[in-house]
Amino acid sequence: MPILLFLIDTSASMNQRTYLGTTYLDIAKGAVEIFMKLRARDPASRGDRYMLVTFDDPPYGVKAGWKENHATFMSELKNLQASGLTTLGHALRAGFDLLNLNRLVSGIDNYGQGRNPFFLEPSVIITITDGNKLTHSSGVAEELHLPLNSPLPGSELTKEPFRWDQRLFALVLRLPGMAVPDSEQLGSVPTDESAITQMCEVTGGRSYCVRTQRMLNQCLESLVQKVLSGVVIHFEKSGPDPPVIGEDGLVDPARPLSSFSPQPWHSCHKLIYVRPNPKTGVPVGHWPIPESFWPDQNSPTLPPRSAHPLVRFSCIDCEPMVIDKLPFDKYELEPSPLTQFILERKSPHMCWQVFVNCSGKHSDSAHPFGYLKASTTLTCVNLFVMPYNYPVLLPLLDDLFKVHKLKPNLKWRQAFEMYLKSMPPYFLLPLKKALRMMGAPNLISDNMDCGLSYSVISYLKKLSQQVKVTDKPSSFLLVSVTNPHD
């Protein structure tokens, strides 16, 4: 169920008129309506939820949130007026807080227990602004700053105000006041040079510099295609570049390794598509992406996590591993310099392992949890997510079924126990479930431990009870939230 949050600039500068005779605010309202009509062509849009936030001072900026229906949204949109300051940072923070309000109730972020791509609430934030200087009560700002402090309980658990399934896009209106000759060539619309562009790119989105109505329509068509079910991951190369492959698909010893200078494919901030189950409409998966720390039962707090996990990949060619009946998760990567580089190597039968730093039991250790692999047809690159340290587990399970016929000896049991101790404790539950599906239900004892301290578990439970969506979604900004650590 995608969430589409429109953040509309209602600063006084939006009253300026364009060559069309309409104000920028009129253009913004029309753009929202056009987007909704374009989106309605997709049958998947039936589950969409629309929200409307403006640059008005909190809490009055939230015009339509969790409780409002479509009619209220349209009425609030129609009645918008431009009169305030360009308080983009505060408005963006209010928008993200509104989106995150429900996450603490649902437990979708699964703090301290691994990140499940199939636990997601895909959100697209579309900001429509004139890109003017950022003004607030104390003056003019050159850079965009989001308030660090949020009234939302639990916001300290993530370093950024956004989450990995929330992407920001900006339509920056640059329509002139007088008509100019239409020499426009329709092609890719350039990004804007205003303060919001960097924020868009950080979330996995982008900005559009809009100079004509025709260009605006083109941007809206593009934005409708951005409503995708997925999460943003930061992929980064670890270790040396791979050897160069020649035209025949073999390693070319005559050509040197790539230079050590950074290449665009070395570091990519891109979406992985999380497809819903065609029958239920809900994504299904088995394995989490590891946390970048080992859960400590003695720690009273959780370290704050980055919104986007940093997944490192090694360029050493490995054989992809799978065994009968063991579930794995497969996610297609959004096209990027990394996918292009992997596809150009034309090695669909080899893979590159992925891992998360500091995910192992010892602070500097990390074992692979999956791999990147080109599809057999070389049309896309997929991320396969497996059990943690799968190169050790899969041969053990293969022996269990083929050699020991589900009656393992002492040596096998000791090796399996060693493996379990090296695996983050939050992998125990999905592994137990997978083994049950495979026909080996009693290998892991029932007295499992999630690895978190009692105080952390209590705090997370308290958060979900504390944040309740009220009749007016903006009222959480008005209420003085008690400090959960008191």
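## Salt bridges

Arginine 39 and aspartate 42 form a salt bridge, with 3.4 Å between the closest N and O atoms. A salt bridge here is a side-chain nitrogen of Lys or Arg within 4 Å of a carboxyl oxygen of Asp or Glu. The model is predicted: local features need pLDDT of at least 70, side-chain atom pairs count only at pLDDT 80 or more, and totals for chains, interfaces and linings use all residues. Residues are numbered from 1 along each chain as its sequence is written, and side-chain values use heavy atoms, with hydrogens and water left out.

By this rule the count is 13 salt bridges.

| Pair | N to O distance |
|---|---|
| Arginine 39, aspartate 42 | 3.4 Å |
| Aspartate 192, arginine 174 | 2.8 Å |
| Glutamate 332, arginine 275 | 2.9 Å |

Arginine 39 is buried at 3%.

Helices (H or I, at least four residues) and strands (E, at least two) are DSSP runs, numbered from the N terminus. Aspartate 192 is buried at 5%. Arginine 174 is partly exposed at 28%.

Glutamate 332 sits in strand 12 (residues 329-333), and arginine 275 in the loop between strand 10 (267-273) and strand 11 (310-314). They are 57 residues apart. Glutamate 332 is partly exposed at 25%, whereas arginine 275 is exposed at 52%. Elsewhere, salt bridges that share partners join Arg103, Asp109, Arg163 and Asp165 into one network.

## Helix 8 and helix 9

How do the two helices run relative to each other? The axes of helix 8 (residues 390-402) and helix 9 (residues 410-422) come within 11 Å and cross at roughly 150 degrees. Axes are lines fitted to C-alpha atoms over the stretch in contact, and angles run from 0 to 180 degrees between N-to-C directions. The pair is therefore roughly antiparallel, a term for angles over 145 degrees.

Helix 8 contributes Val392, Leu393, Leu396, Asp399 and Leu400 to the contact (heavy atoms within 4.5 Å). Helix 9 contributes Trp412, Ala415, Phe416 and Tyr419.

Technical notes
Parallel < 35°, antiparallel > 145°, perpendicular 65-115°, else oblique. Buried < 20%, exposed > 50% of the residue type's maximum accessible area, 1.4 Å probe, protein only.
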